[in-house]
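This report is meant for a reader who meets the structure for the first time.

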Amino acid sequence: MNNYFELKFAEISAEAKRLEAAAPPNTAPLKIAFLRNITLDPLVPYLKYLCLNENILPSIYMSEYDSAMQDALSPSSGLYSHKPDIIIAALTLDLISEPVATSFASLSPAEVVSEISKAAGYISSLISALRANSPATIIIHSMQTPAWPAFGILDSQGSGFQTAAISEINNAIRSAAAQAGNCFVMNLDSLVARIGSPGFNDNRMRHIAKIPYTRDAFRLIAFEHMKYIRARLGKNKKCLVLDCDNTLWGGIIGEDGIENIKLGPTFPGSCYREFQKAILNLHRRGVILALCSKNNELDATAVFNTHPDSVLRMEHFSSIRINWNDKPGNIRQIADELNIGIDSMVFIDDSEMEISMVREMLPEVCAIRLEGDASGYSSMLDSLGLFDSLSLSEEDKKRGEMYRAEAGRKQLLSSAMDLNTYLASLEMEITIAPSDSFSIPRIAQLILKTNQFNLTTKRYSESEVEAFSNSGDYEVLYLHYKDKFGDMGIVGAAILDFTGPESVIDTFLLSCRALGRKAEDIFLSRCVEICKAKKNAAIIGAYIPTEKNAQTESFYKNRGFTLKSETAGEKTFILEASDAPAPAPDCYKSVITQNTGRIQ
Amino acid sequence: MKDKIKHIMSGLFETPVEEIGDDASTDTLKDWNSLNHLNLVLALEDEFGITFDDNEVLEMVTLELIVLTLKEKGLS
C-alpha cells in the first residue's frame, strides 16, 4: 500500500487478484457501479487494490458503454439491480456536448449558450434519475478544462470562449449535485494538474480502444475515488500525531537550543514553517493534532510557547506525550486519552527506526516517514488525502478544542508488549571498547556536546581525554552502534576513575539518537564488568543535575545501585562489591568488547 | 525473452504459465481478449522500455508475432 505509486499495472493487477482471493469472509462488502462513455476497465485493478488494502471487498458493476442515461432512467436496469452503494459517473465532454468539446470555434454565441444549457439539462436529468431510483452515493467526474483551448491565448480572456463554457457546465454539475443530496463532484482538473495533460490523457489509446487516459491517470483516479469512499464510510483518519525534532523544525531542540533550530523565514526554516502551516490547515478542517516526541517536555513545549516563527502553538494540540518512552506505547495512550480508534491515527516522524517500530507494533496506525528535502514536506502532507471529508461543520472546526477540554492527562500503563522482540529485530551490533587515537576526537566531541543523557556533564578537552586514556588509573570507553537501518558511529562515552579506593564512574553519556534501545544498559553492564575486573571494590556513580539531564536522575537506582548520599540535588549511588549488577539486556545481534580496527 | 513474455501473459490473463504454449494466440487463450491485449501491449512496453506503433499493436496477436516484433526492435 505504501508503494502504490511505484508498482506497475501488471503488479497491481496481480496483487489485487491475490488479495481478492485471500480476503477473509467477514471483509466489509462495497458495491460500486460505473456509468461511462469511455473504456474504464483499466481502472478496476487499481480500485480493487486500494479497497482490498483497506479491508473493503468491492463488487463492481460496469454499465454498458455509452448507455448512462438509459441505465439511469430505467428502474429495472442492471445498474439498479446491482444495488450499488456508490455510483460513479465517469462521463467525458464528448458525450455531454460534442460541439463544445471538439468544434467550439464553429459555434455562434447563441449556439454556445444553447449547448451549455443542453449539457446542464443532460446532467440534471441524469442525476435526478439516479437520485430517484437509488439511495447510493453518487460521484460525478467534472469536465476537463483543455490544456490547449479552442481559441488559444484569447480563450481565457472572456466569458464567451471554450474555457468559460466548460466552467459553466461544471457549475451546472455542481448545482445539480448539491440539489440532489449525497452527490459529489470529483474535480478532474486537479488530478490532471498533478501530472499534466500529456501525462493524463492518452490520445493513442483513445483512438485505438476508446481509453482516453493513461495508466498513471487511472492510478490517480482510483486514488481519488478512494478518498470519497473513505469519507463516505467514515474511514477517513481523525488524528495526526507528530514528532518534533526534524519534523516540525530543523534540528534537535535539546541539543541545538531554541535559538539554533531551523524555523523561520529563511531556508531551511521556511520549509518547516510551511509544513506547520499545512498541519494547522488540517487542524482547521477538523483534524485532531497530537505530539509524540522523545524530549524533555519543557524543551519541546518552549518552541510552541515562545518561538516567534512557530505557527503551531500548544493550544492546537489535544494530547501530548513528550518523554523518553517508546512511541507505540505513547501513541496508544494518546488514542485512549482522546477516546478514538487506533486505526484513525496517522503518525509522522523523520526517523526510520521510530516509523518501523510503530508499523510493527501498531499496524493499524498509518505511519509515514518524512524523507528527503524538507521543502517537499507540505506537499507530501497535502497529497495524502487521508483526512478528506465530505462535510465541514462548525463542530469540525472546533474539534480540537473539544478534545482538549474533555481529556485529562490520565496515567495509563505504558505498552511494553513485545518491545524486546522488536529490539531484537533491529539486529543491533554494539562495540564497547577502550579509546584509541582514532576514537579520542569523537569521544571528546561527545563529552563537550552531549547535554541530555549525561550523568555528570563534566567537560574535558581532547588533550584531557587523551591524558585519561594514557593513564593507568583511568579507563576511557566508547560505545559504537550499528543496526539494520545503518551505522550511527560512536554514540556513547564513559570515563572510569580508579585513583581512589572505590571505582568511580566519572563520566557516562549517550547521544540522544541512540536512546530507546537499551544501549545505556549494555554500556553500564560493561563498565561494571571492567570495574570489577580491575579491583574488588564498590562502584560509585554520580548524578549531577543540570537543566537538561533530568531523565538520568534515577538511572543508577534503576540498575541495582543504591542511593548513598544526596547534597543540593547531587546524588551519589553505590554498587557494593557484594551486590549483583543488573543483568545485561540480550536483544543484540552482537556485542564486541575490543577495538576491531579503525572506527569513525 | 519468450519466457518473460509468457510470464507477463500469465500475470495478466488468468492462466498458469505452463498452459501458455509457444503457439499461444488470441484464438487459443480464452483470456487474451481485446482489453487484455492492450494490457499486454502496455506491460511489454513497460518491461522492455519500448513503444509499439499502431500497426504493431494491432498485428501482434500471437506469441510468435510478439517475439518477432521485439526482435525487429533490436531486443533478444
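A search of the whole structure, which is a predicted model, finds 27 salt bridges over all chains. One of them joins the side chains of A:D521 and A:R559, with a distance of 2.7 Å from N to O. This pair links distant parts of the chain, for A:D521 lies in helix 23 of chain A while A:R559 lies in the loop between strand 15 and strand 16 of chain A, 38 residues apart. In general, side chains of opposite charge can pair when their charged atoms come close.

In chain A, 8 strands form an open sheet in the order 16-17-15-14-13-12-11-18, and the pairing is mixed. Strand 16 (562-567) and strand 18 (590-592) of chain A stand at the edges with a single partner strand each, so one side of each is left without a neighbour in the sheet. From one strand to the next, the twist of this sheet averages 25 degrees. Helix 23 (residues 519-534) of chain A packs on the sheet and touches several of its strands, among them strand 11 (429-434), strand 12 (474-483) and strand 13 (486-497) of chain A, and its direction makes about 160 degrees with that of strand 14 of chain A.

Chain A holds another open sheet, with 5 strands in the order 8-7-6-9-10 and parallel pairing. Its edge strands, strand 8 (317-322) and strand 10 (366-369) of chain A, each pair on one side only. Here the twist averages 20 degrees from one strand to the next. Helix 16 (residues 327-338) of chain A packs on this sheet, where it touches strand 6, strand 7, strand 8 and strand 9 (345-349) of chain A, and its direction makes about 150 degrees with that of strand 8 of chain A.

| Strands of chain A | Sense and bridges | Residues opposite each other |
|---|---|---|
| Strand 14 (residues 503-510) and strand 15 (residues 539-543) | parallel, 3 bridges | A:I505 and A:G541 |
| Strand 6 (residues 239-242) and strand 7 (residues 288-293) | parallel, 4 bridges | A:L240 and A:L289 |

The remaining topic is the contact between the chains. Chain B gives 14 residues to this contact and chain A gives 12 residues. About 1,200 Å² is buried between chain B and chain A, and carbon and sulfur atoms give 62% of that area. Of the area that chain B buries against chain A, B:L35, B:L38 and B:L42 supply 36%, more than any other three residues.

Across the interface of chain B and chain A there are 2 salt bridges, and the side chains of B:E47 and A:K8 meet in a salt bridge at 4.0 Å from N to O. The count of residue pairs in polar contact between chain B and chain A is 5, with both residues at pLDDT 80 or more. On the side of chain B that touches chain A, the elements that give two or more residues are helix 1 (2-12), helix 2 (34-48) and helix 3 (54-59) of chain B. The largest share of that side, 7 residues, comes from helix 2 of chain B. By class, the side of chain B that touches chain A has 6 nonpolar, 3 polar and 5 charged residues.

Notes: Residues are numbered from 1 along each chain as its sequence is written. Chains are lettered from A and ligands numbered from 1 in the order in which they are written. This is a predicted model: local features need pLDDT of at least 70, side-chain atom pairs count only at pLDDT 80 or more; totals for chains, interfaces and linings use all residues. Side-chain values use heavy atoms; hydrogens and water are left out. Two strands pair if DSSP finds at least two bridges between them. Axes are lines fitted to C-alpha atoms, for helices over the stretch in contact, and angles run from 0 to 180 degrees between N-to-C directions. Contact means heavy atoms within 4.5 Å. Buried area is the accessible area (1.4 Å probe) that two parts lose on being put together, summed over both. A polar contact is a pair of N or O atoms within 3.5 Å; within protein, one must be able to donate a hydrogen and the other to accept it, and residues adjacent in sequence count only if both atoms are side-chain atoms. Ala, Val, Leu, Ile, Met, Phe, Trp, Tyr, Cys and Pro count as nonpolar, Asp, Glu, Lys and Arg as charged, and the others, Gly among them, as polar.
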